[in-house]
Amino acid sequence: MRPPLVLTIAGSESDGAAGVQADLKTFTALGSYGASAVTMVTSVSPRGVRSVHPLPREVVRSQIDAVAEDLLLDATKIGSLGSAAVVEEVAAAVRAHRDRFGVIVLDPVMVSADGTALISAEGAAAVGTSLLPLADVLSLNMAEAAQLLGRPLATSIDEMRDQALALQATGPDTVLITGGRLPGEDVVDLLVHPGGTDLLRAERITGRRVRGAGTTLSAAITAQVARIAEFDRVGELDEIGEAGTADDLVTIVASAREFVASATENAQDWRLTRGGDGYGPVNHLITLDKD
Ligand SMILES: Nc1ncnc2c1ncn2[C@@H]1O[C@H](COP(=O)(O)OP(=O)(O)OP(=O)(O)O)[C@@H](O)[C@H]1O
Ligand SMILES: Cc1ncc(CO)c(N)n1
């Protein structure tokens, strides 16, 4: 007997809205056991990013090896990495025993919500050449898609689809581009997968802006992928019906989006700061709320 087991390889984010902290809360809220390999340390408050410190590559490698050599992972999320050296080391660690990481979900974090770069230009280029080919699922926002492809920001759903297909051609079977930044009454995310393309529409939440929605979404996708792997292991796929079919990823992404939407709604009237509003977090622990 073992729970769904998930690793996040990502940066520490001091105020807990994004990064490793948000990943571990999300994994927990969705019933997975979370392990972590920290890639960098950021000093962040709701007012913005104060500093970004990528860790030495061997420190990152040592954590990944310790976890991947001993734990039976169902899925791995790769998030913020900070430097080209760390990107290359993560890619080398994954290539060394690719079968130990389960399904790999890549969320190529580039820029924080306040506009601070979270990775060097060389690091961003290395994500494109070394990590995209290793990912099964790519989950990213429109700005990240444009940066990875060296194209302008998409201004329509057709352009989002073109970019998603171009990214799919670099390796990952499934590409989700989130459309939080495309104006409109609904928020539209675009999912390209081996079965075709799906547009996922949701009502736009118009209250206070949140930070960490993208991080939480990719963490939720990773946790749900791991749950499916665990159901498969114990022979209970039949009991969860549709989620055990070839539509897995569409179902998983739809449920992860619902999780992020309710986590966002639920934190709308949170006041966590001493003054000033800044960007607030989502409530990652929404599933534990008994009211
Ligand atoms: N105003 C909104 N209302 C409802 N859902 C939203 C809104 N903004 C974003 N989302 C959803 O949140 C998820 C993350 O999307 P977004 O494009 O904002 O990512 P991001 O820019 O990486 O987020 P962040 O910087 O907050 O981590 C997507 O599923 C998107 O549809
Ligand atoms: C460490 C880290 N990861 C991800 C994000 C996403 O915004 C952030 N701000 N910081």
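This is a predicted model: local features need pLDDT of at least 70, side-chain atom pairs count only at pLDDT 80 or more; totals for chains, interfaces and linings use all residues.
**Exercise 1. Decide whether the radius of gyration of the chain agrees with that of a compact globule, and collect the overall figures.**

Step 1. For 291 residues, a compact globule would have a radius of gyration near 19 Å.
Step 2. The chain has 18 Å, so the value agrees with the rule.
Step 3. Along the principal axes, the C-alpha atoms fill a box of roughly 50 × 45 × 40 Å.
Step 4. Of the 291 residues, 49% count as buried.
Step 5. Consider contacts between residues at least 6 apart in sequence: 72% of them join residues at least 24 apart.
Step 6. The secondary structure amounts to 8 helices and 9 strands.
Step 7. An unreviewed UniProt entry lists residues 14–230 as "domain: Pyridoxamine kinase/Phosphomethylpyrimidine kinase". This span is 40% helix and 25% strand, and its end C-alpha atoms lie 31 Å apart.

**Exercise 2. Describe the largest nonpolar core and state which residues have the most contacts inside it.**

Step 1. The largest nonpolar core here has 87 residues, and Val87, Val90, Ile177, Ala220 and Ile221 have the most contacts inside it.
Step 2. Helix H7 gives the largest share of this core, 9 residues.
Step 3. Examine Ile221. Beyond four places in sequence, Ile221 touches Val105, Val137, Ser139, Ile252, Val253 and Ala256.

**Exercise 3. Characterise the shells around ligand 1 and ligand 2.**

Step 1. Around ligand 1 there are 22 residues, the closest being Thr178, Gly180, Ile205, Ala213 and Gly214.
Step 2. Strand S8 (186–193), helix H7 (213–233) and helix H8 (248–266) each give two or more residues to that shell. The largest share, 4 residues, is from H7.
Step 3. Sorted by class, the shell around ligand 1 holds 10 nonpolar, 7 polar and 5 charged residues.
Step 4. Around ligand 2 there are 13 residues, of which Gly11, Ala18, Gly19, Ser80 and Ser112 come nearest.
Step 5. Strand S1 (residues 5–13) supplies the largest share of the ligand 2 shell, 3 residues.
Step 6. The classes around ligand 2 are 5 nonpolar, 7 polar and 1 charged.

**Exercise 4. Find which residues of helix H5 (residues 142–149) are buried and what covers them.**

Step 1. The buried residues of H5 are Met142, Glu144, Ala145, Gln147 and Leu148.
Step 2. Their cover includes H4, strand S6 (137–141), helix H6 (157–168) and strand S7 (174–178).
Step 3. Look past the end of the helix: Gly150 follows H5 and has a positive phi, near 65°.

Technical notes
Residues are numbered from 1 along each chain as its sequence is written. Chains are lettered from A and ligands numbered from 1 in the order in which they are written. UniProt positions are given in the numbering used here, feature names are shortened, and annotations may be inferred rather than shown by experiment. A residue is near a molecule or strand if its C-beta atom, placed from the backbone, lies within 6 Å of it. Ala, Val, Leu, Ile, Met, Phe, Trp, Tyr, Cys and Pro count as nonpolar, Asp, Glu, Lys and Arg as charged, and the others, Gly among them, as polar. The radius of gyration is taken over C-alpha atoms; the globule rule is 2.2 Å times the number of residues to the power 0.38. A residue is buried if 20 or more other C-beta atoms lie within 10 Å of its own, exposed if 12 or fewer, and partly exposed in between; C-beta atoms are placed from the backbone. Two residues are in contact if their C-beta atoms, placed from the backbone, lie within 7 Å. A nonpolar core is a set of buried Ala, Val, Leu, Ile, Met, Phe, Trp, Tyr and Cys residues joined through C-beta atoms within 7 Å.
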